[in-house]
Amino acid sequence: MPGLPAPGLTPTSAPYWRAAGQRRLLIQRCGDCGIHRHPPTPACYVCGSLVIDWDEVAGTGRVYSFVWTHRPVVEIFENLGVYNAAVVELDGTVGEPVRILSRVNDIDRDGLVVGLEVRVDFDPIDDDVALPVFVPLT
């Protein structure tokens with residue numbers, strides 16, 4: 001979405017954001033116990049391992065929860081007008097369900113419902129980074 005600032009890139013999160021800039025959804029995976037986790041963290045919350053791997057996932061899932069925002073939470077969101085914030089539970093991950101806080105584009109107020117099947121899309125921020133967003137699967 002034009003006008004949004006780039007996320008803060010850290011050594012832990014940079015692979016996620018840069019892959020999104022290439023229109024790929026990478027989810028962090030523990031190199032020892034194999035569970036997926038999001039957001040990216042330096043250590044596994046299950047086994048404590050510091051071994052990090054990344055898996056490209058299909059990017060399909062279902063809306064787990066959402067809210068429509070009529071007033072910007074912070075000033076940088078003013079240009080969005082009315083927008084939704086959605087939690088999407090991804091398909092095909094190992095361990096606890098991986099849920100991503102994002103937005104569902106190309107949908108109206110009545111169409112956004114819990115359980116809606118969605119797929120990932122990407123809103124470029126700059127030449128290297130994009131924000132993973134979602135659109136209805138059908």
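Visitor: Contact means heavy atoms within 4.5 Å, so by that definition, what do the buried residues of α1 pack against?

Guide: The buried residues of α1 (14-21) pack against β1, β3, β6, β7 and β8. Helices (H or I, at least four residues) and strands (E, at least two) are DSSP runs, numbered from the N terminus. Before going on: this is a predicted model, in which local features need pLDDT of at least 70 and side-chain atom pairs count only at pLDDT 80 or more, while totals for chains, interfaces and linings use all residues. Residues are numbered from 1 along each chain as its sequence is written, and side-chain values use heavy atoms, with hydrogens and water left out.

Visitor: Which residues of α1 are buried?

Guide: In α1, the buried ones are A14, Y16, W17, A19 and A20. Buried means under 20% relative accessible area, exposed over 50%, and partly exposed in between (1.4 Å probe, protein chains only).

Visitor: What comes just after α1?

Guide: R23, which takes a positive phi of about 60° there. R23 sits in the loop between α1 and β1 (26-30), and R23 is not a glycine.

Visitor: Where else is there a positive phi in a residue that is not a glycine?

Guide: At D106, where phi is about 60°. D106 belongs to the loop between β6 (99-102) and β7. With a relative accessible area of 69%, D106 counts as exposed.

Visitor: And which peptide bond is cis?

Guide: The one from H38 to P39, with omega near 5°. P39 is in the loop between β2 (36-37) and β3 (52-56).

Visitor: Moving to the core. Which residues touch the most other members?

Guide: L25, I27, L90, I100, V104, V118 and F134, in the largest nonpolar core, which has 25 residues. The elements that give two or more residues to this core are α1, β4, β5, β7 (117-124) and β8 (130-136). A nonpolar core is a set of buried Ala, Val, Leu, Ile, Met, Phe, Trp, Tyr and Cys residues joined through side-chain atoms within 4.5 Å.

Visitor: What does I100 touch?

Guide: Leaving out residues up to four places away in sequence, I100 touches Y16, L25, I27, H38, A86, V87, V88, L90 and F134.

Visitor: And L90, where is that found?

Guide: In strand β5. L90 is buried, because its relative accessible area is 5%. Setting aside neighbours within four places in sequence, L90 is in contact with L25, I27, V57, T60, G61, V98, I100 and F134. W17 lies 73 residues from L90 along the chain, and their C-alpha atoms are separated by 17 Å.

Visitor: F134 is in both lists. How many residues of β8 are buried?

Guide: 7 of its 7. A130, P132, F134 and P136 lie on one side and L131, V133 and V135 on the other, so both faces of β8 are covered under the definition of buried.

Visitor: How many bridges join β7 to β8?

Guide: 7, and the two strands run antiparallel. Two strands pair if DSSP finds at least two bridges between them. β7 and β8 form a hairpin with 5 residues between them, and D123 stands opposite L131 in β8.

Visitor: What is the strand order in the open sheet?

Guide: β2-β1-β3, 3 strands with antiparallel pairing. β2 and β3 stand at the edges with a single partner strand each, so one side of each is left without a neighbour in the sheet. β1 and β2 pair over 2 bridges, and Q28 stands opposite R37 in β2.

Visitor: Last topic, the surface. Which residues make the nonpolar patch?

Guide: V73, V74 and I76, with an area of about 260 Å². Patches are made of residues with over 30% relative accessible area and no salt bridge; like charges are joined within 9 Å and nonpolar side chains (Val, Leu, Ile, Met, Phe, Trp, Tyr) within 5 Å. A salt bridge is a side-chain nitrogen of Lys or Arg within 4 Å of a carboxyl oxygen of Asp or Glu. Accessible areas come from the Shrake-Rupley method with a 1.4 Å probe, and for residues only the protein chains shown count as cover.

Visitor: Why does I76 count as partly exposed?

Guide: Because its relative accessibility is 43%. I76 lies in the loop between β4 (60-69) and β5 (83-90).

Notes
Contact = heavy atoms within 4.5 Å.
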